[in-house]
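Welcome! Keep the structure open beside you as you go.

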Amino acid sequence: MAAFGGFQDAVKRVIHTQSSFTAFNQKSKRVLYPTKPKSSVQKVPVLGGTPITADTALALRRQVFGSADLLGSTENEWLGQSFVFHDGETVEAYSLKMHKTSTKGLAMCVQGFILKHLLFNRRGARVVADPTVLLRATTKAQEEALVGALSDILWRAGERQHAVLCLAQENIYVNDTPSYQSDGCTERIHTFEFKKQDELTFNLKKYLFEFLADEGNGLLLFLYSLVLSRGFNKLNEDMGGEEVSLLCTNAIIHPCLATLMLTGRATLFLHNGIIYEGSEDTMAKPKTGIITRAEVGLLVWRRPEEGGQVNVGSRLKTPSFPVWVTRCNDSYGILFNPNKELTRDYHAENRFDLYYYSASTNQKSATIITIDTRNQTVKEEYNSPYLENLIHTKWQGADVNWNGTAPFV
C-alpha cells in the first residue's frame with residue numbers, strides 16, 4: 001500500500017507540474033492582450049476584498065467540479081475561458097462566441113440576459129427602437145449589456161439582498177495539499193460582497209476586463225461568484241440535499257446550474273411550484289420547482305431514448321421577456337423575439353418570428369424561424385428536426401417555417 005501511495009503522489013506531482021506550466025503561460029498571456037482591440041475596457045489592479053481561504057477554495061472546487069485534489073479534463077475545459085462577443089456593429093454583434101461545447105450552456109444563459117438589456121432596457125427618447133439596429137450592438141453596448149446581465153444573475157442568486165464578486169490577482173493564498181491541487185485561478189481570488197445592486201454593477205463595470213480578458217478565467221470567476229452569491233447551504237437546500245456538482249463529468253453544465261442562472265435557485269425540477277410525491281408506504285416528499293415567473297425562459301426537449309418529455313412549467317415557458325434558453329438533448333441555444341408583447345398578449349402569438357442562435361459551426365447566418373399557431377400541423381417527433389420538437393413543447397402543433405434555411409438542430 002505504501003508503494004501504491006507513493007505512486008499516486010508521484011502522479012499528482014507530474015500533473016501539477018504540467019498544469020502549473022500551463023497556468024503560467026495563460027497568466028503571462030492574459031495581461032498582454034485584450035479580447036477586442038476596439039474595447040475601451042482597461043485592466044485595473046484588483047484592490048480590497050477578502051483573500052480566499054483554503055476552506056472556501058476547497059468548497060468551491062468541490063461544488064463546481066466535484067473534487068479538488070487533481071486537475072482533470074473538466075477543469076482544463078473551463079480554465080482560460082472568458083466572455084467574447086462577435087465584432088461590434090455586425091449582424092452577430094448581439095451574440096457571444098462559444099469556443100467550447102462544454103461552456104456553451106453557461107454562456108447561453110448569460111446570452112439571454114444580454115438580449116434582455118440590448119432589446120428591452122431602452123431608456124430615453126433618443127434611444128433607437130429598431131431591433132435590427134439594437135442587435136448590431138456597438139462595442140460599448142455589448143459591454144454595458146454584459147455588465148447588466150452578470151449583475152442581474154448574481155443579484156437574483158443572492159435573493160436580491162447581497163451578491164459576491166470573485167476577482168483574481170497575482171498573490172497565491174492557498175497552497176497545494178493532498179486534498180487540493182492549485183489550478184492557477186481559484187487560489188488567487190479576492191472576494192467582494194455587496195449589499196446594493198448598484199454597487200455590484202459599478203464594480204462589474206470597473207473590473208470588466210477580468211471577465212473579457214483573452215486567455216483569462218472570466219467564465220470561472222463568474223461561476224464562482226454565482227456559487228458564493230447563492231451560498232453553499234442554499235445550494236444544498238435548492239437541490240433537496242443531494243450532492244450535485246454544477247459541472248458534469250463531461251464538462252457541460254448540470255441542468256440545475258441553468259435554473260440557478262435563470263431563476264436564482266438551483267432546483268432540479270422545472271415544474272411550477274411544489275409537487276408532493278409519495279406512495280402508500282412512504283411519506284410524500286416535496287419537489288420544489290419554479291417559484292416565480294422567470295425573466296428569461298427555458299424550453300427543453302429530449303429524445304425518447306434519453307428520457308423523453310421534461311415537465312417544464314409556464315413560469316419558464318412564458319417568461320417576462322420573449323427570450324428562451326433552449327436545451328435539445330443537452331445542446332444549448334437561444335430563441336428570442338424583439339416584440340415584448342409576445343409574452344403579454346396571446347394575439348401576438350398567432351404568427352410571429354423567432355431568432356435562433358446556437359453558435360453552431362453549421363449556422364452561417366442569422367436564422368429566423370416563422371411560427372404560425374393558426375395552421376395546426378401534425379408531425380411525428382422522430383421525423384421532425386429537434387428544434388421543431390422543442391418549439392412544439394410551447395406552441396403545440398404550430399407550423400414551423402425555416403424560411404429557406406436547412407434545419408441544423
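**Exercise 1. Is helix H6 mostly covered or mostly uncovered, and what follows it?**

Solution. Please keep in mind that this model is predicted.
- Step 1: Start with burial. Of the 19 residues in H6, 16 are buried, so the helix counts as mostly covered when buried means under 20% relative accessible area.
- Step 2: Now look past the end of H6, where you meet Glu159, a residue with a positive phi, near 60 degrees.

**Exercise 2. Work out whether the span of H6 agrees or disagrees with its number of residues.**

Solution. 
- Step 1: H6 covers residues 139–157, which makes 19 residues.

**Exercise 3. Find the largest nonpolar core and follow the contacts of Phe83.**

Solution. 
- Step 1: The largest nonpolar core has 100 residues, and Phe83, Leu106, Val110 and Phe222 have the most contacts inside it.
- Step 2: Helix H4 (residues 104–120) gives this core its largest share, 11 residues.
- Step 3: A second, separate core has 21 residues, including Cys328 and Trp395.
- Step 4: Setting aside neighbours within four places in sequence, Phe83 touches, among others, Leu106, Val110, Leu146 and Phe222.

**Exercise 4. Which residues line the largest cavity, and how do they divide?**

Solution. 
- Step 1: The whole structure holds 4 cavities of 30 Å³ or more, and the largest has a volume of about 80 Å³.
- Step 2: Its lining includes Phe83, Leu96, His99 and Leu219.
- Step 3: The lining residues divide into 6 nonpolar, 4 polar and 1 charged.

Terms used: Residues numbered from 1 in each chain as written. Predicted model: local features only at pLDDT ≥ 70, side-chain atom pairs only at ≥ 80, totals over all residues. Heavy atoms only, no water. 1 Å grid on protein atoms, 1.4 Å probe; cavity = no way out; pocket = protein on both sides within 12 Å on 5 of 7 lines; lining within 4 Å. Points joined across faces, edges and corners; volume = space filled by probe spheres on them. Nonpolar A, V, L, I, M, F, W, Y, C, P; charged D, E, K, R; others polar. Helix = DSSP H or I, 4+ residues; strand = E, 2+ residues; numbered from the N terminus. Expected span 1.5 Å × (residues − 1). Buried < 20%, exposed > 50% of the residue type's maximum accessible area, 1.4 Å probe, protein only. Core = buried A, V, L, I, M, F, W, Y, C linked by side-chain atoms within 4.5 Å. Contact = heavy atoms within 4.5 Å.
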